[in-house]
Amino acid sequence: GGPSREHTRAMWVWNTKAILRDAHDRVEFFKFLSAPKGDPNARISVIFFACNIADPLSWNALQAFMTDAHKHSVRVDYLCGEPTYASPAHMGTGLEQLGYVLNYNDKAPKISRFNGIQYDVEPYALPDWPAESILSNFITFLGICRSCIDASHQELAFGVAIPRWYDGADLHGLYKSVLDRVDYVAVMDYVSKPDQFVSAATNTVNYATKKNKDVWLGAEVSELPTEKTATFFALGNAKLEEAFSAAEKAFGTSKGFAGVAVEWYDTYLTLKP
């Protein structure tokens with residue numbers, strides 16, 4: 001049978017001040033989303049969007065942007081995260097972020113609410129990774145987030161960015177523990193060969209399919225001087241599309257495959273053909 005669902009493309013957006021403040025930048029942004037690199041088939045309809053939500057003074061601009069996004073049929077998930085959220089001392093800071101989103105959504109008109117929240121935590125940057133305490137704290141943190149979202153009765157998708165290797169034997173099924181607690185994962189599938197792009201994510205997509213969760217497979221297009229094989233920066237857009245096609249072909253009928261994603265706006269904008 002054909003694809004079992006419609007796949008979407010997503011993109012991480014980190015530098016958002018200009019898009020929020022400047023009308024011209026915003027018009028250019030939505031123009032790009034509708035046809036990245038001039039290709040309407042590459043349309044991006046989901047964005048993972050970092051911004052300062054803690055300050056209610058920034059809410060006017062944010063609401064205007066969110067309204068605009070939804071009028072363009074773009075889903076917006078609030079994006080945040082620090083490795084320290086996985087440590088007991090700073091878990092509260094991570095939960096605060098969720099509090100800001102729930103509070104913002106509570107007060108915002110429906111058309112300008114966030115559709116989800118994505119944590120990009122990366123606990124493997126902590127010095128004693130993969131200590132049992134970090135792993136269990138990270139999982140506990142996600143469980144608390146899940147409970148808070150459920151208790152809020154808001155329609156807020158809960159996602160986490162994970163690297164492609166959370167299925168490693170030494171991590172005791174971490175990718176499953178994450179998927180059990182979230183609605184979706186965005187896999188930082190940072191390799192530059194189509195077959196690797198597919199194989200690295202297979203366990204994650206299969207488990208998500210079983211558990212009725214969503215997976216976006218993300219590719220990196222930024223310049224990484226020390227990790228040249230982790231990015232399409234030198235290879236260009238046509239090679240990026242080859243990897244995306246391979247993913248579509250491999251996972252097209254997998255219920256858990258939501259689509260592909262690009263890290264990130266500024267570098268995708270300037271990626272060579």
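1. In this predicted model, the axes of helix α3 (residues 59-71) and helix α4 (residues 91-107) come within 12 Å of each other and cross at roughly 75°, which makes α3 roughly perpendicular to α4 (angles of 65 to 115 degrees). Helices here are DSSP runs of H or I with at least four residues, and the axes are lines fitted to C-alpha atoms over the stretch in contact, with angles from 0 to 180 degrees between N-to-C directions.

2. On the α3 side the contact (heavy atoms within 4.5 Å) is made by Trp-59, Leu-62, Gln-63 and Met-66, and on the α4 side by Asn-103, Tyr-104 and Lys-107. By class, this contact has four nonpolar, two polar and one charged residues.

3. The largest pocket holds about 290 Å³ of space. Its lining includes Thr-16, Lys-17, Leu-20, Arg-21, Ala-61 and Leu-62, and α1 gives the largest share, three residues.

4. Asp-22 and Ala-61 are 39 residues apart in sequence, and their C-alpha atoms are 9.7 Å apart in space.

5. On provenance, residues are numbered from 1 along each chain as its sequence is written, and side-chain values use heavy atoms, with hydrogens and water left out. Because the model is predicted, local features need pLDDT of at least 70 and side-chain atom pairs count only at pLDDT 80 or more, whereas totals for chains, interfaces and linings use all residues.

Key: Helix = DSSP H or I, 4+ residues; strand = E, 2+ residues; numbered from the N terminus. Parallel < 35°, antiparallel > 145°, perpendicular 65-115°, else oblique. Nonpolar A, V, L, I, M, F, W, Y, C, P; charged D, E, K, R; others polar. 1 Å grid on protein atoms, 1.4 Å probe; cavity = no way out; pocket = protein on both sides within 12 Å on 5 of 7 lines; lining within 4 Å. Points joined across faces, edges and corners; volume = space filled by probe spheres on them.
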